[in-house]
Amino acid sequence: MALLSLRNLSLHYDGPPLLDDVEFHVERGDRIALLGVNGAGKSSLLRVLAGDVVPDAGEVVRASGVRVAYLPQQVPVDLVGAVGELVSPGGESPEATRIMHLFRLDPEASFDSLSGGTRRRVLLARALLGAPDVVLLDEPTNHLDLESIDELEAYLLRYCRTYLFITHDRAFLRRMAARVVELDRGHLRDWRCDYDTFLRRREDVLDAEAKAWALQDKKLAQEEVWVRQGVKARRTRNEGRVRALLALRAERQQRRARTGTAQIAIQEAERTGQIVLKAKEVTFGFNSSLPLIRSCSTVIGRGDRVGILGPNGCGKTTLLRLLLGTHAAGGALEPTSGKVIHGTNLQVAYADQLRGQLRDDESLMENVAPGRDYVMIQEQRRHVIGYLQDFLFTPDRVRQPVRVLSGGERNRLLLARLFAQPSNVLVLDEPTNDLDLDTLELLEEQLGAYGGTVLIVSHDRAFLNNSATSMLAFERGRVDGTGPWLGEEDGWYVNEYVGGYDDWLRQRVQAPATPVAVKREERDNKRGLSSKQKRELDAFPARIEALETELAELHATMADPTFFRQPGPEIARVNQRAEAIAAELDEAFQRWGELEALRAGS
């Protein structure tokens, strides 16, 4: 029996229905990615499943005793109090202590004093506490740094058997999803495969749909010509043809076209000099006795695409203000020591992480073209409504205030505003948050074609791999091996690497040898883990991954329409194997938890 089901469910606000008589089932062990363009209704669907939104028709059915946890996309504005109380209301528990330690949370800290990323970690800990049967996650990696994303992925794979998530993070998507469900024009299409297989299959389906619609349009045009030629519809032999024409018209009118892809183009200014900026041994601290950034040196040339990488709060935005000086959105900062030299003819376009350049009470038009009804694109005047339609905003939407926009729409509007400015240096601070995958891939293409210099602050691993040609990484040790290993109070070195995220991952500075591994071994021996049990524990991740891969392949086989054309015994064999793997996975997760509890001393 499904843990969670939608039956004949419909939901709409203004315009076409977001959910149009949909059926959907979440089975035990499902790891589901919910995909769809911005505005398709993905967050609304999660809120329906969570019980926060009542549908217009149909029902949500939960199996008896099923616990559902929900992480919303936006942090609730009414949350106040200490972190420990918010994570575990009514008192601490060993599990609450463990999960707060895992997500690096201070139980005594006040929630309203925390950064956006730390608030997200509090909400994650709160949602995951108590091993819920189904976990619903809306953009779980937004505002998380790479360490937090790694921790989240490991926790979900180890402790959560069933979850459904929305994400723009393709690395997270590829690692965590064994089943893809797409919300497209009010309907759910269950692809029952991994993300890369979904991309190939969807392309084939969309091509077939486009061809079918083209044939239908051609036939409709031919029939319209025929009926206008004065045929006498009263005659019996023509009545069927007229009825068919009316049916074609009705079908064409009800057709819901797939939401288009944004038409992003970046305006370029005259070129800079060959050297855009040069930093020499730059050190900076807000308190002169406690440097935040130590001895940063780099040369950024015309056409470079530089990713800036580091944990939340390390000083990435501060580094931008040091490097860009008066061109920075937050204003210039002067180094405590060292110097920054700028090249010639810099024209900087800057998108800040908090989207603070958008004025909430003004319309989209006013934000993009204040006091005008046009923008200049490649020295040509374009009406601002037409320009914003390239970014998927309808004419009625462009006259509404910015405050009504969703997170993805705000990000698209900021890109529209940014790319209407001629630039030769483009600064993007967390540009991927809330963007749908199609827009994200188009942004990558445009950055690849951009002739200027790009600085990117991001925790999106796939985006950095596809867009960055070098990395500036905040690390505790120097890449050349000189200088001491820095503690938390000692600030950061900024090391330079060639390539994208994966290249940095292979080359990054590793912490010096410590007795941690020896201590863990001693602790394990003290707490009763035998050598055999340790080997068993170490083998679980690979074993579980192999089982889940086999199960995903079986699900893909069973989703193929030709599967049920096979002989009955073969169908039964595949079904029995899928059930056996699901049972084996349950046993593996239970045993894994037992061994982890032994190692933790519980």
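Two strands pair if DSSP finds at least two bridges between them. Strands, like helices, are DSSP runs numbered from the N terminus (strands: E, at least two residues; helices: H or I, at least four). The model is predicted: local features need pLDDT of at least 70, side-chain atom pairs count only at pLDDT 80 or more, and totals for chains, interfaces and linings use all residues. Residues are numbered from 1 along each chain as its sequence is written, and side-chain values use heavy atoms, with hydrogens and water left out.

**Exercise 1. Describe the sheet that contains β1, and the helix that packs on it.**

Step 1. Begin with S5, whose bridge partner in β2 is H25. Five bridges join β1 (residues 4-11) to β2, and these strands run antiparallel.

Step 2. Extend to the whole sheet. The sheet is open, has three strands in the order β2-β1-β4, and its pairing is antiparallel. The edge strands, β2 (19-26) and β4 (57-62), each pair on one side only.

Step 3. Consider the geometry. Ignoring direction, neighbouring strands of this sheet are turned by 10 degrees against each other on average. Axes here are lines fitted to C-alpha atoms, for helices over the stretch in contact, and angles run from 0 to 180 degrees between N-to-C directions.

**Exercise 2. Identify the residues with the most contacts inside the largest nonpolar core.**

Step 1. Buried means under 20% relative accessible area, exposed over 50%, and partly exposed in between (1.4 Å probe, protein chains only).

Step 2. The largest core has 90 residues, and F419 and L426 have the most contacts inside it.

Step 3. Neighbours within four places in sequence aside, the contacts of L426 include I266, A349, F419, L447 and Y450.

Step 4. A second, separate core of 29 residues includes V282, L322, L333 and Y350.

**Exercise 3. Locate S295 and E430, and state whether each is buried, partly exposed or exposed.**

Step 1. S295 is in strand β11 (residues 293-301), and its phi is near 50 degrees, a positive value in a residue other than glycine. With a relative accessible area of 21%, S295 is partly exposed.

Step 2. E430 lies in the loop between β17 (425-429) and α13 (437-449). The phi of E430 is near 50 degrees, and at 4% relative accessibility E430 counts as buried.

Notes: A nonpolar core is a set of buried Ala, Val, Leu, Ile, Met, Phe, Trp, Tyr and Cys residues joined through side-chain atoms within 4.5 Å. Contact means heavy atoms within 4.5 Å.
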